[in-house]
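Here is a short briefing to read alongside the model, arranged by topic so that you can follow it in your viewer. Keep the structure open and click along as you go.

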Amino acid sequence: MNKETAPDHQKLTQMDVHLTGDWTPEEAARILKVIQKLASQTGEQSLPTLFNHRPTTLHHSNRPGRVGHTRGEDIYLDNEWTDWTLAHELGHRWNITWGRKPELELRHATRAGKLEWLKRPLRLFEKWLERFLKRLGFKNRIDWQALWYDPGDAPPPCGVDRNFNASEDLAESFAAMIFPQDAKRRAAKAVGRLTKQSEHWNWGKQFTSFDQTPRGKITHQKIRRHSPPD
Ligand SMILES: [Zn+2]
C-alpha cells in the first residue's frame, strides 16, 4: 500500500499531522494512538484548532536515544522515541504555535520561576564551567540545586532537574495530561532521587490523577480554551 494512502497516515493528515521520511507502520500506528489520546480531550475536530490551525510535521532525528526536539512546526524524534517523548514534544509544539503564551500563563498561575532572571544565566554559567573544568581533567558533574527552576506553589508534573524551565514545565504538564499514569510514576521516581525538599513533588500521594493537581487543572483548562466551545 502506498504510504500516503495508508489509513493511519490519512487519519493523521486529517488532523494536520504529517509524517515525512520512513516511518514503519508500527510507528505510524503509535503516533496515531498518542494523537488520538490527546484528541480524546479536545475532540478530533478540534485538534487543528488546538494547534492554531498550523500543521505539525514529524521527522526522524536519526540520532540514538529516546528523546526528541521541536523547532517551529517540526518535531524530531530520536530512534528509540517513546510515546511520552511524542506527547512531550507535542506540548512544545502547542506552546510554540501560541507564541509561548501557554508557558507564561502556567508560570504565572503557579507562581513558578522565582528569581529565574538570576538563576537562568547562572545555570548557563554552571554548564559552561562544567565543560571548562572537564577540559582541565575534572570529571565531576556540577549540579547546584539552588539554581534549579522553582516550580512555585504546585507540584511539578514529574519533578525538577537542572534542565527544567518554564518551557519544559509546560511540555511536561501537557504530556502528563495525555499520560497521567506515566507522570505519576515519574513524579514518585523524582522524589526518590532527592531529599525531603522534593517530597511535595510526589503529587500521586495527594491527588488521584494529574488533572486534579493545580498544574493539571490549569493545563486542562488551557487545552480546552484553545478549542472551540462544545
Ligand atoms: Zn522538552
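Predicted model: local features only at pLDDT ≥ 70, side-chain atom pairs only at ≥ 80, totals over all residues.

**Loop residues and their surroundings**

- His53 and Pro156 are 103 residues apart in sequence, and their C-alpha atoms are 29 Å apart in space.
- Gly72 is found in the loop between E3 and E4. Gly72 is exposed, with 11 other C-beta atoms within 10 Å.
- Between Gly72 and Gly159 there are 26 Å from C-alpha to C-alpha, and the two are 87 residues apart in sequence.
- Asn79 belongs to the loop between E4 and H4. With 11 C-beta neighbours inside 10 Å, Asn79 counts as exposed.
- Which residues does Asn79 touch, not counting residues up to four places away in sequence? They are Arg63, Pro64 and Gly65.
- Trp98 is placed in the loop between H4 and H5. Its 18 C-beta neighbours inside 10 Å make Trp98 partly exposed.
- Trp98 and Leu50 are 48 residues apart along the chain, and their C-alpha atoms are separated by 9.3 Å.

**Backbone angles worth a look**

- Most residues other than glycine have a negative phi.
- Asn62 has a phi near 60°, a positive value in a residue other than glycine. You can find Asn62 in the loop between strand E2 (56-60) and strand E3 (68-71).
- Is Asn62 buried or exposed? Asn62 is exposed, with 10 other C-beta atoms within 10 Å.
- Arg100 also carries a positive phi, near 65°, and is a residue other than glycine. The loop that holds Arg100 runs between H4 and helix H5 (101-110).
- Arg100 is partly exposed, with 14 other C-beta atoms within 10 Å.

- The chain divides into domain 1, residues 3-99, and domain 2, residues 112-225. Their C-alpha centres lie 24 Å apart.
- How many residues of each domain are in contact with the other? Domain 1 brings 15 residues and domain 2 brings 11.
- On the side of domain 1 that touches domain 2, helix H2 (25-42) and helix H4 (83-97) each supply at least two residues.
- H4 provides the largest share of that side, 9 residues.
- Sorted by class, the side of domain 1 that touches domain 2 has 7 nonpolar, 6 polar and 2 charged residues.

**The largest nonpolar core**

- In soluble globular proteins, nonpolar side chains tend to be buried together.
- The largest nonpolar core here has 39 residues, and those with the most contacts inside it are Ile35, Ala87, Phe174 and Ala175.
- Elements that each supply at least two residues of this core include strand E1 (17-19), strand E4 (74-77), helix H3 (47-50) and helix H8 (180-193).
- Helix H7 (166-178) is also among them, and H7 gives the most to this core, with 8 residues.
- Why does this core lie between domain 1 and domain 2? Both domains give residues to this core, so it lies between them.
- Ile35 touches Leu12, Met15 and Val17, not counting residues up to four places away in sequence.

**H7 against H9**

- Two packed helices are described by the angle between their axes and the distance between the axes.
- The axes of H7 and helix H9 (residues 214-225) come within 10 Å and cross at roughly 85°.
- H7 and H9 are therefore roughly perpendicular to each other.
- From H7, the residues in this contact are Ser173, Phe174, Ala176 and Met177. They meet Arg215, Gly216, Thr219, His220 and Ile223 in H9.
- By class, the residues of the contact of H7 with H9 divide into 4 nonpolar, 4 polar and 1 charged.

How values were computed
Residues numbered from 1 in each chain as written. Domains from an automatic or database assignment. Contact = placed C-beta atoms within 7 Å. Helix = DSSP H or I, 4+ residues; strand = E, 2+ residues; numbered from the N terminus. Nonpolar A, V, L, I, M, F, W, Y, C, P; charged D, E, K, R; others polar. Core = buried A, V, L, I, M, F, W, Y, C linked by C-beta atoms within 7 Å. Buried ≥ 20, exposed ≤ 12 C-beta atoms within 10 Å, placed from the backbone. Axes fitted to C-alpha atoms, helices over the stretch in contact; angles between N-to-C directions. Parallel < 35°, antiparallel > 145°, perpendicular 65-115°, else oblique.
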